[in-house]
Amino acid sequence: MNPNNIVTYDYFGSLYINMTNRCDCRCVFCIRDQEGSGLGGLWLDGEPTRQEVLDSILNMDPTAYPEIVFCGYGEPTCRLDDMLWLCDRLHETLGDTCPPIRLNTNGHGSLINGRDVTPELAGRLDAVSVSLNGSNPEEYLRLTCPGSGEKAWQAMLDFVRDAGKYVPKVMVSIVDYDKSQAEIEACRQLAESLGAIFRVRPFA
Ligand code: SF4
């Protein structure tokens, strides 16, 4: 692994994991490859192995954190099997002292992996936060530019709804980027209709 890679980092007091920069979207507000931005340094020069990610997490004294978060920038479910393996190893190693584990995702995990992956999250994740980005497919596609096109919208909605069957806490968020109050309210109603908790994140 490149020693300059930032695989784990402290972000607002939580332990964040950055193990891939791959993503099936190209969101207009994404800063993953902007070197000058505060998070641009998360660009990986070669992905770490899952063992290297585990070692990096354990070196951070994870029990001292209130939460472990699979994030990025990049879409963690591009490495779904490694993420699930890491959850299992953390639960095995840390037992009752393992902090809650959250996945921040664009909700395309099932689309990316070609199967409904939500049952595999059971007992591994404590929370999932899905980026909604828009209350309708047009707005969603305008902002996220998914490689698979229109079907990404329905895949994201299905993921939110189905994740609620297996993960105790499912949240849906939007970035307050170019959003009217009416659009935010429409997003809230959509999120709640899917059984998710809604939140608005400030644009960084
Ligand atoms: S889903 Fe996340 S990582 Fe992917 S392009 Fe959008 S903001 Fe960037």
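In the predicted model, the shell around the ligand comprises 4 nonpolar, 2 polar and 2 charged residues. This shell is formed by Cys23, Cys25, Arg26, Cys27, Cys30, Arg32, Gly74 and Asn106.

The ligand is located in the largest pocket, which holds about 930 Å³ of space. Several secondary-structure elements give two or more residues each to the lining of this pocket: strands E1 (8-11), E2 (14-17), E4 (101-105), E5 (127-131), E6 (169-176) and E7 (197-202), together with helix H4 (137-144). In total, 35 residues line the largest pocket, and those nearest its centre are Cys71, Tyr73, Asn104, Ser131 and Arg201. By residue class, the lining is made up of 18 nonpolar, 11 polar and 6 charged residues.

Two of the residues nearest the centre of the pocket, Ser131 and Arg201, are also linked to each other: their side chains form a polar contact of 3.4 Å. Ser131 belongs to strand E5, one of the elements that give two or more residues to the pocket lining. Ser131 is classed as buried because its relative accessibility, 18%, falls under the 20% limit.

Backbone geometry was examined next. Most residues other than glycine have a negative phi. Phe12 is not a glycine, yet its phi is positive, at about 50°. Phe12 lies in the loop between E1 and E2, and both of these strands give two or more residues to the lining of the largest pocket. With a relative accessibility of 76%, Phe12 is above the 50% limit and therefore counts as exposed. A positive phi, near 45°, is also found at Cys145, likewise a residue other than glycine. Cys145 is situated in the loop between H4 and helix H5 (151-163). The relative accessible area of Cys145 is 34%, so this residue is partly exposed.

Ala191 is placed in helix H6 (residues 181-193) and is buried, because its relative accessibility is 0%. A C-alpha separation of 8.5 Å is computed between Ala191 and Val160, which are 31 residues apart along the chain. Cys98 occupies the loop between helix H2 (80-94) and E4. The relative accessibility of Cys98 is 14%, and this residue therefore counts as buried. Between Cys98 and Ala64, 34 residues apart along the chain, the C-alpha atoms are separated by 9.4 Å.

Gly114 lies in the loop between helix H3 (109-113) and E5. At 67% relative accessibility, over the limit of 50%, Gly114 is consequently assigned to the exposed class.

Methods: Residues are numbered from 1 along each chain as its sequence is written. This is a predicted model: local features need pLDDT of at least 70, side-chain atom pairs count only at pLDDT 80 or more; totals for chains, interfaces and linings use all residues. Side-chain values use heavy atoms; hydrogens and water are left out. A residue is near a molecule or strand if one of its heavy atoms lies within 4 Å of it. On a 1 Å grid over the protein atoms alone, a cavity is a set of points where a 1.4 Å probe fits but cannot get out, and a pocket is an open set with protein on both sides within 12 Å along at least five of seven lines; lining residues have an atom within 4 Å of a point. A molecule sits in a cavity or pocket if more than half of its atoms lie within 2 Å of its grid points. Ala, Val, Leu, Ile, Met, Phe, Trp, Tyr, Cys and Pro count as nonpolar, Asp, Glu, Lys and Arg as charged, and the others, Gly among them, as polar. Grid points are joined across faces, edges and corners, and a volume is the space filled by probe spheres set on the points. Helices (H or I, at least four residues) and strands (E, at least two) are DSSP runs, numbered from the N terminus. Buried means under 20% relative accessible area, exposed over 50%, partly exposed in between (1.4 Å probe, protein chains only). A polar contact is a pair of N or O atoms within 3.5 Å; within protein, one must be able to donate a hydrogen and the other to accept it, and residues adjacent in sequence count only if both atoms are side-chain atoms.
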